Amino acid sequence: MMIGTAHDIMSKVTPPRAVFVDHPVGRTFGPPHNRLRNEEVLARVLEELPKFTRAGEIRDPGFQWLADGGRAWEDELRAEMRQDR
Amino acid sequence: MPFQYLPVMAQNSAPKPPRVLVSPSRPAWCPISRPLSTSRVALLSSAALRLAHQEPFIPREDFGYRRVPSEPNAGDLVIDHHSGIGRVPKQDPEIVFPRTALANLQRRGIVGSLAPFHFSFMGGLRDHGKIENELATSIANDLKQAQVDLALLVPY
């Protein structure tokens with residue numbers, strides 16, 4: 001089972017099972033040094049395991065990076081990714 | 001709407017063509033044979049993770065993999081992946097490789113048992129045939145020998 005942050009990439013590569021975590025890439029299980037958050041995310045992801053019904057399905061439990069659901073983090077992420085040029 | 005990574009990656013690679021993404025050439029779906037609470041679980045990571053004393057991943061097209069002990073106290077983790085997004089995960093590799101979280105879920109009885117080793121390799125490799133026929137096959141054999149029921153792949 002894949003646990004990924006890039007929904008568009010997972011849609012193209014079609015792993016047998018995938019859970020989408022709507023966090024910035026590189027922070028799949030939360031911000032640094034928060035073991036409780038790591039465990040909460042992993043436990044929630046694993047709850048999806050028995051729900052898959054077909055190969056290539058991507059399940060979305062509804063994670064949010066920011067508590068208010070805001071997406072300001074996307075601009076920071078684009079700036080970080082530019083360093084890959 | 002989820003963040004769109006592919007346009008940003010295409011922009012980064014310009015004027016070279018964007019990276020080619022492929023699906024597995026063979027079906028990989030296996031039915032779930034046992035509940036999670038009795039399953040043996042392993043982590044897979046494309047962050048090129050290792051223990052500090054293990055051989056570094058070099059160069060960018062390194063097709064090897066490392067066995068990382070599943071015991072969280074087995075040593076600090078190092079990320080060799082070259083990506084620009086690595087600044088934050090290098091501060092705390094557990095945010096892309098939840099070794100401690102998985103061990104805690106096993107202690108709580110949510111997960112049955114841990115594989116003795118998790119596995120890490122370099123992400124972003126371009127020889128898809130070599131990935132599928134060599135790298136993935138080798139890791140799959142290791143997982144089978146360890147009687148792993150569930151492998152969790154966290155892309156980097």
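The mean for chain B is 93, and 100% of its residues reach 70 or more. This is a predicted model, in which local features need pLDDT of at least 70 and side-chain atom pairs count only at pLDDT 80 or more, while totals for chains, interfaces and linings use all residues. Residues are numbered from 1 along each chain as its sequence is written, and chains are lettered from A in the order in which they are written. The model scores ipTM 0.95 and pTM 0.95.

Now show chain B as a cartoon. Chain B has four helices and seven strands; these are DSSP runs, with helices (H or I) of at least four residues and strands (E) of at least two, numbered from the N terminus. The order from the N terminus is α-β-β-β-β-α-α-β-β-α-β. With a radius of gyration of 16 Å, close to the 15 Å that the globule rule gives for 156 residues, chain B is as compact as a globular protein of that length. The radius is taken over C-alpha atoms, and the rule is 2.2 Å times the number of residues to the power 0.38. The C-alpha trace spans about 50 × 35 × 35 Å along its principal axes.

Next select Asp76(B), in the loop between strand E3 (65-69) and strand E4 (77-79) of chain B. Asp76(B) is exposed, with 8 other C-beta atoms within 10 Å. A residue counts as exposed at 12 or fewer such atoms, as buried at 20 or more, and as partly exposed in between, with C-beta atoms placed from the backbone. Buried residues make up 29% of the 156 in chain B.

Display both chains and turn to where they meet. The contact takes 41 residues from chain A and 38 residues from chain B; two residues are in contact if their C-beta atoms, placed from the backbone, lie within 7 Å. On the chain A side, strand E1 (2-4), helix H1 (7-13), helix H2 (35-46) and helix H3 (73-81) each give two or more residues. H2(A) has the largest share, six residues.

Finally, select Ile3(A). Leaving aside neighbours within four places in sequence, Ile3(A) is in contact with Val19(A), Val21(A), Thr28(A), Val45(A), Leu152(B) and Val154(B).

Key:
pLDDT = per-residue confidence, 0-100.
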